Amino acid sequence: MKRMLWTMLGLAAAMTVAPARAADVKVGLSLPTQREERWVKDKLVMEAEAKKAGIDLRVQVTDNDASKQVAQCENLISQGVKVLILAPHDASSAAVIIDKAAKAGIKVISYDRLVTNSTLDYHYLSFDNVKVGELQGDFITKKVPKGTYIVLAGSPTDNNAKLFREGAMKYIKPLADKGDIKIVMDQFVKDWQPSEAQKLCEQALTANLNKVDAVLAPNDGTAGGCIQALAAQGLAGKVPITGQDAELAGAIRIVQGTQSMTIFKDTRELGKRAIQMALELTQGKPIDTQGRVVNNGKRDVPSVLLTPLIVTRDNLDELLIKSGYLTREKVYRK
Ligand code: BGC
């Protein structure tokens, strides 16, 4: 009996000193878009994780509009968020959001995409994006070490697009310099639009009488657009093409043989880390970056970078289905 009483007292004490749930902590989340499936997942994961942690997460989506993003973030700041998780549509114009947040004493996590040209203090949470490009470049140059290439990059306003390209070009450029690879198109794709990628690929195919041997597409969305252009010429499945994001549509194309690879960046992990980091920042805890930084043009930003994985037909089941990222029924639908 006595022991029970002590246990109960102990429990009561533990309950009173337990760290407060973050119920009163408001966190803002500003996302660039919901067009690519990955951003839908990022949003769902962060909402679920915030709920678990008792965080009041306020979400805004900017639809690829830089000034709308500034206005939405001003609004979040005025709602009294303590941390802002910001995935910028336009890397450099988003620096003003960091200024405004800093003035209001709000910490910023630059999420997935780096905000550039800010001299202020913030954290970056993403994947190793140069590595993403390296995986794409290494893959495509091994498949097609000689031949005619279409090289597409993502949105010119997205710092990631530059990093992906930088990584891929480490492999493509030396072969192009040697004359083994001929690059017949080298273009950024406005707002990462699949329809824009399709148009560019159509142009390149027409201009080169369909003599294209490989395509570097920066993500699954743009790959999808380009594969439509290839399909219209009876070339889908014949021309190796890269991707990224492990979108369902990309995985289906890999299984069907029209897309050669994708990159798996587990958004479940990224979203979870973002919410954890937001909590740590509100509690004044240090963020464990293991000394990593990424330069934003003005300063080194302390960074947490997760590891991207390459997915081909051979490891798709293992990486995407067994991990529960995609379902077998959907990927192998008839
Ligand atoms: C992300 C990619 C995504 C692209 C288009 C990039 O910043 O890292 O995963 O495909 O934006 O939304």
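User: Which ring does the charged end of R38 sit over?

Analyst: The model is a predicted one. To judge such a placement, one looks for a Lys or Arg charge within 6 Å of a ring centre. Here, the charged end of R38 is positioned over the ring of W39, 4.0 Å from its centre. Likewise, K41 lies over the face of Y325, with 3.7 Å to the ring centre.

User: How many aromatic pairs does the structure hold?

Analyst: There are two aromatic pairs. For the rings of F164 and W192, the centres are 6.1 Å apart and the planes meet at 65°; planes over 60 degrees apart count as edge-to-face, so this pair is edge-to-face. F164 belongs to helix α6, whereas W192 is in the loop between β7 and α7, so the pair ties together parts 28 residues apart in sequence. Both F164 and W192 are buried.

User: Is helix α5 largely enclosed or largely open?

Analyst: An α-helix has 3.6 residues a turn, so residues three or four places apart point the same way. In α5, 11 of the 15 residues are buried, so the helix is largely enclosed by the rest of the structure. Among them are V132, L135, F139 and I140. The helix covers residues 129-143 and reaches 22 Å from first to last C-alpha, close to the 21 Å expected.

User: What caps the N-terminal end of α5?

Analyst: D128 does, with a side-chain oxygen 3.4 Å from the backbone nitrogen of V130.

User: Where does P156 lie?

Analyst: P156 is in the loop between β6 and α6. Its relative accessibility is 41%, so P156 counts as partly exposed.

Key: Residues numbered from 1 in each chain as written. Predicted model: local features only at pLDDT ≥ 70, side-chain atom pairs only at ≥ 80, totals over all residues. Heavy atoms only, no water. Helix = DSSP H or I, 4+ residues; strand = E, 2+ residues; numbered from the N terminus. Expected span 1.5 Å × (residues − 1). Buried < 20%, exposed > 50% of the residue type's maximum accessible area, 1.4 Å probe, protein only. Polar contact = N/O pair within 3.5 Å; in protein donor to acceptor, adjacent residues only side chain to side chain. Phe/Tyr/Trp six-rings, centres within 6.5 Å; stacked < 30°, edge-to-face > 60°. Lys NZ or Arg CZ within 6 Å of the ring centre and 35° of its normal.
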